[in-house]
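Here are my notes for your read-through. Please keep the model open beside them.

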Amino acid sequence: MTAPLHEPTAEAAPSAAEEAAVASADAKAVQGRSLGRIAWERLKRDKLALAGGIIVLLLIVVAVFAPLIASLYGQDPDAYHESLIDPLFSTPKGSLGGVSGTHWLGVEPVNGRDIFARILYGARISLLVGFLSAIVAVVLGTVLGILAGFFGGWVDSIISRVMDGLLAFPQLLFIIALVSVMPDEMLGLNGSSVRVFVMILVIGFFGWPYIGRVVRGQTLSMREREYVEAARSLGAGRFYILFKELLPNLVAPIIVYTTMMIPTNILTEAALSFLGVGVKPPTSSWGQMLSTAIDYYDSDPMYMIVPGVAIFITVLAFNLFGDGVRDALDPKGSR
Amino acid sequence: MGHRKTSGGPRSCGGPLAVLAYLIRRLFAAAVMLVVIILVVFCIFFLVPKWAGVDIASSFVGKQADPASVAAVREKLGLSDPIFVQVWHFFKGIFVGRTYAAGGDVTHCAAPCFGYSFRTEQDVWPVLTDRFPVTLGLALGAAVLWLVFGVAAGVLSALKRGSLWDRGAMVIALSGVSLPIYFTGLLSLAIFSYGLGWIDGKYVPLTDSFSGWLGGMILPWVTLAFLYAAMYARITRATMLEILGEDYIRTARAKGLKEQVVIGKHAMRSTMTPILTMLGMDLGALIGGAILTETTFSLPGLGQAVLNAIKTQDLPIILGVTLITSLAVLIANLVVDVLYAVIDPRVRLT
């Protein structure tokens, strides 16, 4: 799966930092605005991006407080309600997959677990894996990309070849293979937490070359700039230049790529759980709900629609927000 | 694309010898990459379980394995050899065939031998050749659909930027990239196969019946193409908009060229470059097994085979499919790089 990333705009993004720098240099003449300020003002005007951002915030709140919300709502995600299941077809009684005042989104076929409560808990897995694997990818990608770009030579050759190789790998296949051979217990974790941990590491690992390439390219173009030379002539060490001079100028593309990577990672987690190598039951995950829903797509379509729509809304919200952030940090955009 | 010469000329490729040298170098790099991938697969499936304390041979025999039969399996498959020896045997088997023997128990696997599956007690190669056409048909059919519709939608959106069409198309495209295929696939099955009863939705081999095959493939094609068309439309639009702002487009317009020529010849040529890169990677990955699509629609392709193999730790099948997948990705990328030089005369194959 190719991540829908747009290199041109991301590459252009850091010049926003320069513009901001120029603007702040002229601060006395014109009221200067920082990059963050400019981006925020643009983002505020982008209604769709704001809507996406608000939904993302809501989802985070839902994920963090899932147990609290579930107890207020009065349903346990793992409790069976077999009395609500038609014994003949093992689908929920009543219309729309058993939707009622007590079960807002109906119940699962066979065992009658409450779908709304399971969706709430599923949000935790999706967001946890989505965010943390993006952080793994960003940290790896930034550090290795900056090292490759700054030092060049054999360091660059090795890191670049590894990135090319990883991008040419059949990724989903390797992610599935790696996740499935990992033991059920390790590092004091067991069951689903092992799977979640492994998924975060593996998805993050296969994601870093996307960020690494951009960071490397940016670093290559920036390391010859005057301000780096100035720092060097003042006696600044390599690591000072790397992390104090170069890194701040890489923040814009890194933010853009991170926001675009999170929805991709959420989709990958859902896909893994859908394929049966993600979190283990009874822990609930949206992808896993969809994979059981395959058998009931004709008799109980509600069971398929609810987790599908949950994934859709989440990924769409992140994409809308990510597009907005990208446009806001793009200096070519109109102000 | 246009009537201008697309290859040749002093600036394009640097002569046929240079191209040949380039191809040889790329093929060599591809071979190295394949060996690396096979090594990595071996490591994943041999070293990780060993590190976790799981014995592969006993997992092949079954739950109640007696030590003697486990030892026999280990000897027959050569599992106690060092990894490099096993990899060597694997590659040798592809060219000259391979014989598995332990005591009186001998199994011969004729060349091209991609291994012997202990789970299903059959050679891997026939499994690959049985399943490859299904996946190839799925990937190629979908690719034609998504290229035509995705690129067309993206170009139209870029040309009519800000119009109702542009907004509508981009909303649909953004939704498209946010919808997982196993959801759209199930939805389409529920609607068109179960609800309306238009399509049977079962896979029929092309050799049995053409219309049956078409009926079984149409939903997978459309849902798969929808996802990729959405992605391609977004990229095409972004690239096209960027290129329309370039100086050479203004020059072309200033020369008084017709708008069709400016767009169709000058702008499209550059727009196609990133599209081709994506096409190479996506098509390669899909040919190696559209795991999600095949699972959703129960298509008996490579993706379904490898997923089952991973779940049962059937290493020989996984190795075989991984090799095919990687080969497909590498070849697709090579073809794309050569096509670059055809589309963009500035690109040199060196």
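How many residues does the contact take from chain B, and how many from chain A? Points follow; bear in mind that this is a predicted model.

1. The interface. Chain B gives 45 residues to the contact, and chain A gives 38 residues. On chain B, these helices each supply at least two residues of the side that touches chain A: α1 (15-52), α6 (164-178), α7 (181-195), α8 (210-244), α10 (259-287), α11 (291-297), α12 (302-311) and α13 (315-343). The largest share of that side comes from α1(B), with 8 residues.

2. Its make-up. Sorted by class, the side of chain B that touches chain A has 32 nonpolar, 9 polar and 4 charged residues.

3. Domains of chain B. Chain B splits into domain 1 (16-123) and domain 2 (125-312). Their centres, taken over C-alpha atoms, are separated by 35 Å. In the contact between them, 6 residues of domain 1 of chain B meet 5 residues of domain 2 of chain B. The domain 1 side of this contact holds 3 nonpolar, 1 polar and 2 charged residues.

4. A helix pair in chain A. Helix α7 (residues 153-168) of chain A packs on helix α9 (residues 192-222) of chain A. The angle is about 130°, and the axes are 9 Å apart. From α7(A), the contact uses Met163(A), Leu166(A) and Leu167(A). From α9(A), Phe206(A), Pro209(A), Gly212(A) and Arg213(A) take part. By class, that makes 5 nonpolar, 1 polar and 1 charged residues.

5. A covered helix. Is α8 (residues 171-181) of chain A mostly covered or mostly uncovered? It is mostly covered: 11 of its 11 residues are buried. Among them are Gln171(A) and Ser180(A), along with Leu172(A), Leu173(A), Phe174(A), Ile175(A) and Ile176(A). Ala177(A), Leu178(A), Val179(A) and Val181(A) are buried too.

6. One residue in chain B. Ile172(B) sits in helix α6 of chain B. Is Ile172(B) buried or partly exposed? Ile172(B) counts as partly exposed, because it has 14 C-beta neighbours inside 10 Å; a buried residue needs 20 or more. Ala233(B) is 61 residues away from Ile172(B) along the chain. The C-alpha atoms of Ile172(B) and Ala233(B) are separated by 9.9 Å.

Key
Residues numbered from 1 in each chain as written. Chains lettered and ligands numbered in written order. Predicted model: local features only at pLDDT ≥ 70, side-chain atom pairs only at ≥ 80, totals over all residues. Axes fitted to C-alpha atoms, helices over the stretch in contact; angles between N-to-C directions. Helix = DSSP H or I, 4+ residues; strand = E, 2+ residues; numbered from the N terminus. Contact = placed C-beta atoms within 7 Å. Nonpolar A, V, L, I, M, F, W, Y, C, P; charged D, E, K, R; others polar. Domains from an automatic or database assignment. Buried ≥ 20, exposed ≤ 12 C-beta atoms within 10 Å, placed from the backbone.
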